[in-house]
Structure formats: structure tokens, C-alpha cells
Protein chains: 2
Amino acid sequence: MELYSFDQLFGFTRSVFLAIGCSEKNAALAAEVLVSADLRGVDSHGIARLPGYVRLYDHGRLNPNPNIRIVHETPSTGVVDGDKGLGLVVAPYAMEIAMEKAEKVGSGWISVRNSNHFGIAGYHAMMALQKDMIGWTMTHAAPLVTPTFSLEKMLGTNPVAVAVPAGEEPPFVADFASTAVAYGKFELLQRKGMPAPVGWAQDADGNPTTDSNAVKNGGGLLPLGTDREHGSHKGYGLGAIVDIFSGVLSGANYGPWVPPFATAGFMNVGESVGEGTGHFVGAMRVDGFRPAEEFKSHMDNWIKRFRSARAVPGEKVLIPGDPEREFESLRRQEGIPVTAPVIEQLTLLSRRFTIPL
Amino acid sequence: MELYSFDQLFGFTRSVFLAIGCSEKNAALAAEVLVSADLRGVDSHGIARLPGYVRLYDHGRLNPNPNIRIVHETPSTGVVDGDKGLGLVVAPYAMEIAMEKAEKVGSGWISVRNSNHFGIAGYHAMMALQKDMIGWTMTHAAPLVTPTFSLEKMLGTNPVAVAVPAGEEPPFVADFASTAVAYGKFELLQRKGMPAPVGWAQDADGNPTTDSNAVKNGGGLLPLGTDREHGSHKGYGLGAIVDIFSGVLSGANYGPWVPPFATAGFMNVGESVGEGTGHFVGAMRVDGFRPAEEFKSHMDNWIKRFRSARAVPGEKVLIPGDPEREFESLRRQEGIPVTAPVIEQLTLLSRRFTIPL
């Protein structure tokens, strides 16, 4: 493991996106979104994925110069076609439109098709904060999750992010998958040859398992709630909502047809029921409900009250967004740790494009 | 336990609401919303709560003739003040406004304050279906839930309901609490003197427990996910979003300040940071995104594909809304079972208002 500064990783990523043909503006934006995941401690969605985006490009699934455009709209809703662009660029574009609509009519909601993986959901939701808006982002992803009682993988980890502005306090930023855990946690255990806790995945027959390779071996990730008795049908319901809003509303693929991100073994695109991958983003002006200063002062009160809730000894009650903010503050100072296998992959890109890492 | 027809329970409930001074229109609407919960198998939110609504009235917390009105708005957003009315009436009023806004500008989003318990979230979300809209409903409730690492109860069971129209298939209707289980499940176990599964609640020290009285004895309901390792911070995040959208956006109370519903032992309203209980409702026109027939035909495909997913032997993969629809079809034919303790309570109302049960 080595430490890199944000600027180092940002610069490298930007150069790689330039090298595959992205415009200056798009390369910089995509690099910022991608490396913000590393900064915020969501290592699975950061620079570790850069080789995957390049692989998407190599397979003709990524258009480095997309004509991203709105193809259907009302004053507060619409569909954006990402033209096979980087989700890292398509999602902010859609969010800008949602915010323009919110500026005019109070809220804006955009469903996106024909896109690719968009990095961390939280980045896009947080774009709304600077305008005193609540930001809302969802995306579906390739199927890894077995709904309650299913032996087939039908849904992705399908995250939801909601960012809410506060006054003196830092904002509330919830950003979570609709599964018990992120798939990245299994990859970490696989590398170490360690078992997984019961309740994270099921095996090929639908039984509880501690096999950290279960998802690869015919099993599936479990929805948030883990089993029927503990509400897995609720996690399944949430993941299904994300899928329908991202895929069926926009005209993208959905459910088991969502195309895979370009990781080894997950490359082939099969039958199609729509165009590419979809997202759903939205923005609501806080003063579309009550004066912004009033709202933010009550958010401060909400945050302070929850933060001061009596806690289990040795722990504290966190506000959604606290862990990521702590990571960001630490990593801006001390650097971002990158593991040896990721450095190895980045080194290949460095050689291929003659860009120093 | 005895069986009653929908019409019997509806007629009785309507008469009780008339007796406390509701208008003809409001009494009928409130009765329909309340008893639709029994019809759909959500017994905890149906006629079993009628004595509680009357108790709210007796304590001056319920205005039988509210002046429900919109107090702040933009073309696609707004706040409704429920004037201490029955949530059963306030929420449909807010939903109508959301749908009018959606008709005009594509979507409508209403945060509600100064309301009371609104029955099942699914009823209100489903109002949107008849107009080819997606309905979205949330409500917060009195604090029973301990966020991750908290020993204090800070959130209610805070449900989310999303209803999505389909074509030939019945609609997709997800309606779920942001907790591992509904509190009603503990009440059932308490009556039978049975323990609860681990993962539903924690005891007063934050430890796992099987005590079905734990929530009464200083413990708390666990968020969806049950513990940190299985994503309880995600269930906490979802419950917090519902609380902020229902309470902080509208000017209602929020978090631990949400006033209790009038069940025995949960009556007193303490310190206040806003007005009454809040909800959040919304509607989006499907054709604000793509032509409605196209959308509905893809929803049919979504539903058929998920329904036919390979399942664990002896089980099948359900679509959100299937269980409630099966209940409704059965109970319309065979009647709605009402337990002896509930009949006892209803008999008291029957005598007090001289309304035959």
C-alpha cells in the first residue's frame, strides 16, 4: 500500500481520460468524481475502477465524446440520454438540469438512460447543497443481488444518496446500497482468504453461507435486512424502486438485463431491453417548502440532537455523512492509501498511455 | 376472533368518526383509508387503531373539522397544514394537491405538518395509480427506534410507500417500515407471552435480546439491517430521510419530538419543536418521462421477469404488493378477522356512541 495525494490521483485519472479521447472539461469532471470516492473512503468506487472504465472504452461500450442530451421533458421532470458516455459525466449533467428545473418550478427529477457506472451516488446528490437544495440520486447496477426467496441474481446493489443542507452544521449526506453490504467487502475478504459473516450472501441453493466467494459461485448478495424474518423484502423493495426509477422510467435496461461494469469475468452484455445503464437524480429547493434559513436552523437542531443521543459505551451516534467527511479530512492531509493490486493495474495504464503515476 | 365484512367495519368506523364531529365526506374517507389496512392484511394499522383516534379527540389533539390548507408553494412543491385533522384525511388532501401539480408540471411534492397518524402509507401512494402516476408517501412517527449505537429512541418506524402503475399486471406497490419489523409484531408476541427473534430489538444497554417487552423496558426497535455489520446504519439513514422530509421540511416536529399516537402509555406530548406530526407525499406523471403505454408495457415485463425468477424450493419470488393484494382478495370474499381484544375495545365505542358494531 502506498499513499498518494488527491492531486496526484486526480491528475493521473484526468490524463487517462484525456488519453482515451475525453474533452478537457469532461476528463477533469470525471476524474474529480471518481477520485472523490477515494477521498471519502469509498475505495471500491474510486481509482480502483479506472482500469474498468478503460476496458469499457476498449470494448466499444464507452463513448469518450458523448452528445448528452435531454430527450423528453416537462417543467419538473425529464429523461436524459447519456449517449454511452461516462456516468461520471452524464450524472452531473443530469443533476444540473434537475437543479435548473428546481430553480424554476421548485423541484426537478431526471431519469437517465444509455449511461455507464457513475461513481459514488453521494457526489451527485451533494451538488445540490451549494444552492440550498436537497439532492437525491439513485443508480442501478449489474445483477448481484438475490431478492427474497430468489436463487437468481436480479438486482444490483442499487444505492440511494440523499444530501440535505444544514446551517452551521455540516450537511446530512446519506449514501447507501440497498444490500446488507457492498460487494467490495467480499473482494477484500477474498484477497485475504477470509470467511464472510452470515447474512451477507447466500449460496447457490439459497442457504446462509460464510463463503466469501459465494456470489461468484452461483450464490447472491442479500438485500438489506438479510432474511425474510429481518426484513429482506424491504431491502428488495428499495432496490426494486431504484431499478424502476433508473431503468424503466428512462428506457435503459433493468433488473437482470442491466449490463455489467467492466470487471474481469463481468464483461459480456447479453440480451437487451433498453439502452445501457440508468440513473435517477433529483433536486428540491428547500425554500419550495419553507424559508431556507428556518429550514437550516432546524436541520442544525436535528443534527445536534441526534449527535448527542446517549450511546453504547465506546461508540457515538453518527450523522449520515460523518464517516465520509472524517475520511476526507484525514486523507486530504495524510494522503489516500492505494493497495498494491490497484497500483499494479494503474501501472499498466501508466505504461500504455505513457502517463507517469 | 370474529369475521366482519369490509362494509360492516367501514360503516362502524364511519359512524364513530361522524359521532366525534367529522363531516360526512371526511368520516367516509377516513373510514375507507383506515379499514383498507385491515383489508390488505396490515391489521396493526386498521380498525384496531380506531379507539386511539377517539382518544386523540378526547385529549384535544384531534380537530374533527380541520381547515386543511396549503401554506407555502411553488409549481411543483408545497407545504400543507393539517390543522390537527385526522392524518387519514389530511394525507389524501395533500396527495390530491401533489397530483394536481404533477398534472401541470410533471411532478408534485407536498410536505405536511400539524397532522396525525395517517393509516397505511400504501393507500395514499396508490391514489396516483389511476392517473398513470407514480405515487410516493412517507410518514414519521413517535420514537421507538434506536439508531446505530444509540441507547435512546430517536426515530419512528418511518415507512416509505411507492406505487408504480403497470399495464396488464397489477401495480407494483412497495410499502415498508425502515425497521427490521413493525412494532405490531411485538404486541402479538407480548399477548402470547412469546420471545422475539434476535435482531428485532435491543435491550436498555444496547445488547441483542429476545425479550418481546424490550422496547417498553428501555430498549428500542432496531433499524432495517439490525446491526452495524449487516447495515443498520442504512436503515437508520432511510428512517432519518423520512423524518427530515416529513418533519423538518414541513415545520412539524421531528426525531424524538414527534408526538405519540394515542395508545395506552404513549399519550403525553412533551416539548415541541414544530407542529404535530408530518408526512411527505408526491406524484410523478409517468409520461413526464416516457409515453405511458411504453412505460407500462416495460413494467409488465419487469414484473413478469421477477415473478418467474428461479426460487428456493417451496417459495416464490413476490412482487411488492402481492401479499397485500392476496389478503384483499381473500378478505373481501371471506371477511376480515378481528381479534377479541380489539372487539372488546370497539364494543366500548359502540356503547359510548350507541352505534351497533
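How many salt bridges does the rule find across the interface of chain B and chain A? The rule finds two, a salt bridge being a side-chain nitrogen of Lys or Arg within 4 Å of a carboxyl oxygen of Asp or Glu. Arg305(B) pairs with Glu152(A), with the closest N and O atoms 2.6 Å apart.

The model is predicted: local features need pLDDT of at least 70, side-chain atom pairs count only at pLDDT 80 or more, and totals for chains, interfaces and linings use all residues. Side-chain values use heavy atoms, with hydrogens and water left out; residues are numbered from 1 along each chain as its sequence is written, and chains are lettered from A in the order in which they are written.

At the interface, 91 residues of chain B are in contact (heavy atoms within 4.5 Å) with 91 residues of chain A. The two chains bury about 7400 Å² between them, 68% of it on carbon and sulfur atoms. Buried area is the accessible area (1.4 Å probe) that two parts lose on being put together, summed over both. In chain B, Phe149(B), Lys234(B) and Phe289(B) lose the most area to chain A, together 11% of what that side buries.

Ser107(A) lies in strand β4 (residues 107-115) of chain A. Strands are DSSP runs of E, at least two residues; helices are runs of H or I, at least four; both are numbered from the N terminus. Ser107(A) is buried, at a relative accessible area of 0%. Buried means under 20%, exposed over 50%, and partly exposed in between (1.4 Å probe, protein chains only). Beyond its neighbours within four places in sequence, Ser107(A) contacts residues including Ser76(B), Thr77(B), Ser107(B) and Trp109(B).

Over all chains, the whole structure holds 34 salt bridges. Arg14(B) and Glu24(B) meet at 2.9 Å, N to O. This pair links helix α1 (residues 6-19) to helix α2 (residues 24-39) of chain B, 10 residues apart. Arg14(B) is partly exposed, at 25% relative accessible area. Lys304(B) bridges to Glu168(B) at 3.8 Å. Lys304(B) sits in helix α8 (residues 292-307), Glu168(B) in the loop between β6 (160-164) and β7 (172-176), 136 residues apart. Lys304(B) is partly exposed at 41%, whereas Glu168(B) is exposed at 68%.

Asp322(B) and Arg325(B) form a salt bridge at 2.4 Å. Both lie in helix α9 (residues 322-334) of chain B, three residues apart. Asp322(B) is buried at 4%; Arg325(B) is partly exposed at 25%. In chain A, Glu169(A), Arg307(A), Asp322(A) and Arg325(A) are linked in a network of salt bridges.
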